[in-house]
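Hi everyone, thanks for having me. Let me put the structure up, and then we'll walk through it together.

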Amino acid sequence: ARPAARLCDLGCGLAMLAVLLKERGARAAVTALDWDAGKLAIARAAAAGLDGLELRAHDLTTDPLPACDAAALVDVLHYHPPAAQDALLGRVAAALAPGGRLVIRDVDLAGGMRVGRALERFAARLGWHRTAGVFHYRPAAELAAVLTRLGLTVAVQPAGGLLTRANVLLTADRPAPT
């Protein structure tokens, strides 16, 4: 709601979250980053005419992350090996302003995910995902532990439906200054 807030959609794909936020009236500046030029081209067409939304090519594994008040990683982490996930989470935590929030939606390895894995493999075979078809799912509790070690306060809740029951939502807050 704050006009001066900076929101980052990291690994945005088609930037559906970023576009939705702006279409719903978000006054904050929104930066959406992804490494897939084809998906960014589609996102740019969807974002035409929306003010305060920047779409940019970006490699989350190597490029510097912008400072932000809130960040989202939606269905991103499992494309990277655990060590790379931990490094990315560390970089995102460092980019968060005091009082900032990181929102992660991903698959909980402990959540029973046969259908979800099948859909991911199918999408990789079609070329939709830029991956060799190797996914690195982790238990949500393990991701929460990483975020806690980074100094964030973490909550985990279910975020799936009938076919995606293993999806979870992690919210990780950087303490505000006292």
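So, a question to begin with: leaving aside its neighbours within four places in sequence, which residues is I104 in contact with? Keep in mind as you look that this is a predicted model. Okay, here's the list: I104 is in contact with L73, L77, L89, L147, V168, L169 and L170.

Now let's zoom out a bit. I104 is one of the residues with the most contacts inside the largest nonpolar core, alongside L10, L73, L89, V92, L102 and L147. That core has 27 residues. And who supplies them? Two or more residues come from each of β1 (6–10), β4 (68–74), α3 (82–95), β5 (96–107), α5 (140–149) and β7 (167–173). Apart from that core there's another one, of 14 residues, and A15, V30, A43 and L55 are among them.

Next up, D9, which you'll find in strand β1. This one is buried, yet D9 has no salt bridge. The nearest side chain of opposite charge is R105, and that's 11 Å away. So what does D9 touch, once we skip the neighbours within four places in sequence? The contacts are A15, L17, A18, T31, A32, L33 and A72.

Last stop: H80, in the loop between β4 and α3. Buried or exposed, what do you think? H80 counts as buried, because its relative accessibility is 15% and the cut-off for buried is under 20%. Not counting residues up to four places away in sequence, H80 touches T61, Q85 and H136.

Key
Residues numbered from 1 in each chain as written. Predicted model: local features only at pLDDT ≥ 70, side-chain atom pairs only at ≥ 80, totals over all residues. Heavy atoms only, no water. Core = buried A, V, L, I, M, F, W, Y, C linked by side-chain atoms within 4.5 Å. Buried < 20%, exposed > 50% of the residue type's maximum accessible area, 1.4 Å probe, protein only. Helix = DSSP H or I, 4+ residues; strand = E, 2+ residues; numbered from the N terminus. Contact = heavy atoms within 4.5 Å. Lys, Arg positive; Asp, Glu negative; His and termini not counted. Salt bridge = Lys/Arg side-chain N within 4 Å of Asp/Glu carboxyl O.
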